[in-house]
Amino acid sequence: MQKPLWQLLLEVPRPALPAFEGLLGDEASALATMEQPGKAEWLIDAIYEEEPARAAIAAAITAAAEAAGIPVPVWSLESLAQRDWVSENQRNLAPLALGRFWVHGEHDRGTTPVGRIGLEIEASIAFGTGRHATTAACLEAIGALGLKRRYRRVLDVGCGSGVLAMAAAKLFATSALGCDIDEGSVRVARANARANGLLGRVDALVADGLSARRIKAGRPYDLILANILARPLTKLAMPISRALAPGGRVVLSGLLASQERQVLGAYALVGLKLEARRARDGWLALVLAPRNRRA
Ligand SMILES: C[S@@+](CC[C@H](N)C(=O)[O-])C[C@H]1O[C@@H](n2cnc3c(N)ncnc32)[C@H](O)[C@@H]1O
């Protein structure tokens with residue numbers, strides 16, 4: 001199984017943020033800072049693609065605390081997959097209303113309110129329960145796209161639990177293909193497709209980016225979803241643009257506000273420009289369209 005992402009969480013007073021951002025920012029693939037309602041401390045949320053050395057994290061946090069003149073804060077470092085599996089199972093999560101969708105577990109089957117589209121997602125080893133800001137922002141973006149037109153050929157790169165592929169398949173009454181580098185996620189996505197009555201309409205395969213033969217054979221796609229991280233999104237600009245149908249749309253997420261210019265720059269070079277943006281907890285979901293589009 002592919003290695004999960006790692007998440008470092010800690011809380012510090014606002015004036016201390018620059019010292020922590022400076023010392024943690026270089027190693028992390030993404031680093032967000034968030035104000036917390038009713039609390040003086042801000043939350044620092046850093047994501048790593050590889051498990052960082054705990055001794056190096058401890059040293060960086062101690063140095064940042066010294067530079068900021070505050071006591072060394074408590075911190076936690078855990079894999080996102082472990083967190084999903086352990087805590088989300090235990091909490092018996094309540095359903096989430098996200099845009100046009102109602103994301104719920106098996107225990108809340110049958111609770112989808114009239115006018116919303118139910119997505120049954122089991123807490124598991126795959127990323128994508130709807131609790132993360134990037135998934136939520138993507139679901140809202142997909143819902144908003146659906147107000148304007150229908151998309152028939154959908155590709156979800158980095159599908160995790162399959163939540164975005166399933167959302168698009170249900171909203172547009174179509175089929176969708178997901179892919180993930182993580183075999184476990186692909187198994188979970190298939191199981192979720194079955195639980196949602198989407199067998200035969202939503203499938204997933206193990207693939208790195210858009211490299212798999214089956215993905216290439218399915219081109220062009222008129223909706224491509226990719227909630228990964230800024231670095232892989234930047235690398236995927238060319239293959240995504242080549243796989244996109246004229247007038248199609250791309251939804252990108254997994255990037256922080258501070259990484260938007262870098263990502264948009266890479267996509268501008270391949271003829272895609274920003275059409276809409278959604279921000280949640282410091283994370284963005286970007287909707288891109290071909291520069292010379294007809295639709
Ligand atoms: C942030 S999760 C998103 C999951 C789900 N799509 C969602 O929106 O909640 C990113 C997923 O992308 C996968 N991934 C990362 N790099 C990838 C790549 N180069 N090709 C395919 N999948 C990738 C990870 O394994 C992970 O499941």
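Trainee: In which loop is Asp281 found?

Mentor: Asp281 sits in the loop between strand S13 (272–280) and strand S14 (283–290); helices (H or I, at least four residues) and strands (E, at least two) are DSSP runs, numbered from the N terminus. Before we go on, this is a predicted model, in which local features need pLDDT of at least 70, side-chain atom pairs count only at pLDDT 80 or more, and totals for chains, interfaces and linings use all residues. Residues are numbered from 1 along each chain as its sequence is written.

Trainee: What is the phi of Asp281?

Mentor: Start with the general idea: most residues other than glycine have a negative phi, and most peptide bonds are trans. Asp281 has a positive phi of about 50 degrees, although it is not a glycine. Ala173 is another case, with a positive phi near 45 degrees, and Ala173 is found in the loop between H5 and S9.

Trainee: And the peptide bond from Arg219 to Pro220, is it cis or trans?

Mentor: That bond is cis, with omega near 0 degrees. Look for Pro220 in the loop between helix H7 (213–217) and strand S11 (221–227).

Trainee: Are Asp281 and Ala173 buried, exposed or partly exposed?

Mentor: Count C-beta atoms, placed from the backbone: a residue is buried if 20 or more others lie within 10 Å of its own, exposed if 12 or fewer, and partly exposed in between. Asp281 has 16 other C-beta atoms within 10 Å, so it is partly exposed. Ala173 has 9 such neighbours inside 10 Å and therefore counts as exposed. Over the protein chain, buried residues make up 42% of the 295 residues.

Trainee: How does the protein chain look as a whole?

Mentor: It has 10 helices and 14 strands. Its radius of gyration is 19 Å, close to the 19 Å that the globule rule gives for 295 residues, so the chain is as compact as a globular protein of that length. The radius is taken over C-alpha atoms, and the rule is 2.2 Å times the number of residues to the power 0.38. Along its principal axes, the C-alpha trace spans about 55 × 45 × 35 Å.

Trainee: Into which domains is the protein chain divided?

Mentor: Domain 1 covers 6–80 and domain 2 covers 128–290; such bounds come from an automatic or database domain assignment. Their centres, taken over C-alpha atoms, are separated by 29 Å. For contacts, we ask that two C-beta atoms, placed from the backbone, lie within 7 Å. By that rule, 8 residues of domain 1 are in contact with 7 residues of domain 2. On the side of domain 1 that touches domain 2, the largest share, 5 residues, comes from S2.

Trainee: How many residues are in the largest nonpolar core, and which have the most contacts inside it?

Mentor: A nonpolar core is a set of buried Ala, Val, Leu, Ile, Met, Phe, Trp, Tyr and Cys residues joined through C-beta atoms within 7 Å. Here the largest has 84 residues, and those with the most contacts inside it are Ile142, Ala167, Ala168 and Ile224. Helix H5 (residues 163–171) gives the most to this core, with 8 residues. Domain 1 and domain 2 both give residues to the core, so it lies between them. Beyond its neighbours within four places in sequence, Ala168 is in contact with Ile142, Tyr151, Val154, Ala176, Leu223 and Leu225.

Trainee: How many residues surround the ligand?

Mentor: A residue is near a molecule if its C-beta atom, placed from the backbone, lies within 6 Å of it. The ligand is surrounded by 23 residues, and the closest are Gly128, Thr135, Gly158, Gly160 and Asn227. Helix H4 (133–145), H5 and strand S9 (175–180) each supply at least two residues of this shell, and H4 gives the most, with 3 residues.

Trainee: What classes of residue does the shell around the ligand have?

Mentor: The shell has 10 nonpolar, 10 polar and 3 charged residues. Ala, Val, Leu, Ile, Met, Phe, Trp, Tyr, Cys and Pro count as nonpolar, Asp, Glu, Lys and Arg as charged, and the others, Gly among them, as polar.
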